[in-house]
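Try each task before you read its solution.

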Amino acid sequence: MRHSRLALILALAAAPLAAQPAEPLKLAAVPTVPVADGFTFAAVGDIIYLRPMLATIEQRSPSMLKLLRSADVTFGNFETMALDLGTTKASPQAESGGTWMLAAPGVPKDVAAMGFDIVSVANNHATDWGAEGLFETMARLDDAGLVHAGVGRSLSLARAPRYVDTAAGRVGMVSASSSFTPMSRAADPLGEVPGRPGLNPVRVERTALVAPKHFDALVEIAATAPTPAVPKDGVVRLLGTAYRASDRPDGRIGFTYTPNAADVAGNLLAVRQARQNGNFALFTLHNHEPSNASETPADFAIALARQAIDAGADAYVGHGPHILRGIEIYKGKPIFYSLANFAMMNNSLDAVPADMYEQYGVTPGSATTPELLAARNARTFADPALYESVIAISRYAGGRVAEIRLYPIDLGVAVQGAGRGVPAMADAAVGRRILERMQRLSAPFGTTISIEKGVGVIRVSAEGKE
């Protein structure tokens, strides 16, 4: 009885304590340490590299491989799926990112052997072969030792920072895409509903900017729709598109974009975490907006790049439009709005689904796959600018970029056959053309690029100014 009474007293004494709510933690700033002085970060754009060609590249351009391998961390956008069609459980989906991109199983190991350490997979080809193709590709990247970010079995996994440890410090990366097929967007589980595999999105809503007289005409048309639409906040919606009057002097159509606030907030939080848990944070965005032909970044991409830097990113790398866009130095950190293509081997596919023949109005069996691709490329990928790019190598000191060196590369626009789209260092004439283009594209951002012995050079002071 005595023991029972004692137990009751103890239980009663403990009950109020258990019922007391815990006092909320007072969050404090997390101290961060920058990457070691002299740290070098190499970056390229889209790696559309579909079969192992390391032996060829070793012979043609060993100096290019030396650059990739010499940096502390080397990044690129892995824009394909790596599958073995003989054993894969994947199948081509009803929609693709434009082409059902397919690389040989050995490509990830080849890319790693070239010197790449970390890649983004968040792009419009991430689910060309469904979730099964994505999982197989992720496994092959893991097996090759390539750290990858931007995709996963759920949104939380796709958005999570991924890390590479180097002698100079820990590098964390968050990767996202604003250009993707509707089925590609990852989602988290809720209750009994499982999560959805896919990519880390930054959804954007596009508004077309038109001349006032055209806007007035659209308002009249919208009023005659089965469900009449009236302007709201200066915007009228017609057939799924938003329009706003523009004061552009040339009267041409332009576009403005509103990013999804939750997507932006989630990505900036991930960037902040990557910086807090590392010494160097990288944010990359795959975006084709406003079009592949535009050398000017979309307005939302400019704002997002600067927000990412403010959140803790030490560099922003844009990729997607297949052409170069300018470079900005923002608060002592580089913003590469697009590094175009590192490899563009989309002529090398041997196997494409029947959907692709239907897409171009060609009957299967009436043409070989190379004939189909040659006709498609002549229509869509003939611009020489698609085959000209740079390897950007940034050197850091005091947590800021001190110098950026731009090495021009040529993907073989004049090459015929299987060698087209394979990168090599550009010759003097092509290299100067590329670097002069970068000068022109970067000038609106206040960035000065000097050309020294065939290399573009951006020097930044300790105050973050050129």
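**Exercise 1. Locate K453, then decide whether K453 is buried or exposed.**

Step 1: K453 sits in the loop between β21 (450–452) and β22 (455–459); helices (H or I, at least four residues) and strands (E, at least two) are DSSP runs, numbered from the N terminus.
Step 2: This is a predicted model, where local features need pLDDT of at least 70, side-chain atom pairs count only at pLDDT 80 or more, and totals for chains, interfaces and linings use all residues. Residues are numbered from 1 along each chain as its sequence is written, and side-chain values use heavy atoms, with hydrogens and water left out.
Step 3: Buried means under 20% relative accessible area, exposed over 50%, and partly exposed in between (1.4 Å probe, protein chains only). K453 has 88% relative accessibility, so K453 counts as exposed.
Step 4: For the backbone, K453 has a positive phi of about 55° although K453 is not a glycine.

**Exercise 2. Find the loop that holds A340, and say what value its phi is near.**

Step 1: The loop between β16 (333–336) and β17 (341–344) contains A340.
Step 2: Phi of A340 is near 55°, a positive value in a residue other than glycine.
Step 3: With 0% relative accessibility, A340 counts as buried.

**Exercise 3. Work out which residues G326 touches, leaving out those up to four places away in sequence.**

Step 1: Start from the loop between β14 (315–319) and β15 (327–330), where G326 is found.
Step 2: G326 counts as buried because its relative accessibility is 0%.
Step 3: Contact means heavy atoms within 4.5 Å. Not counting residues up to four places away in sequence, G326 touches I335, F336, Y337, S338, L441, S442 and F445.
Step 4: Check the separation along the chain too: G326 and R440 are 114 residues apart, with 7.9 Å between their C-alpha atoms.

**Exercise 4. Describe the surroundings of P228.**

Step 1: P228 lies in the loop between α7 (212–222) and β10 (235–238).
Step 2: At 54% relative accessibility, P228 counts as exposed.
Step 3: Not counting residues up to four places away in sequence, P228 touches A222 and A223.

**Exercise 5. Identify the residues that touch the most other members of the largest nonpolar core.**

Step 1: A nonpolar core is a set of buried Ala, Val, Leu, Ile, Met, Phe, Trp, Tyr and Cys residues joined through side-chain atoms within 4.5 Å.
Step 2: The largest nonpolar core has 61 residues, and Y49, L68, V111, M114, F116, F342 and I391 touch the most other members.
Step 3: Take F116, whose contacts beyond four places in sequence include V44, L68, V111 and F342.

**Exercise 6. Compare the radius of gyration of the protein with that of a compact globule.**

Step 1: The radius of gyration is taken over C-alpha atoms, and the globule rule is 2.2 Å times the number of residues to the power 0.38.
Step 2: For 466 residues a compact globule would have a value near 23 Å; the protein has 25 Å, which agrees.
Step 3: Along the principal axes, the C-alpha atoms fill a box of roughly 95 × 65 × 55 Å.
Step 4: Of the 466 residues, 53% count as buried.
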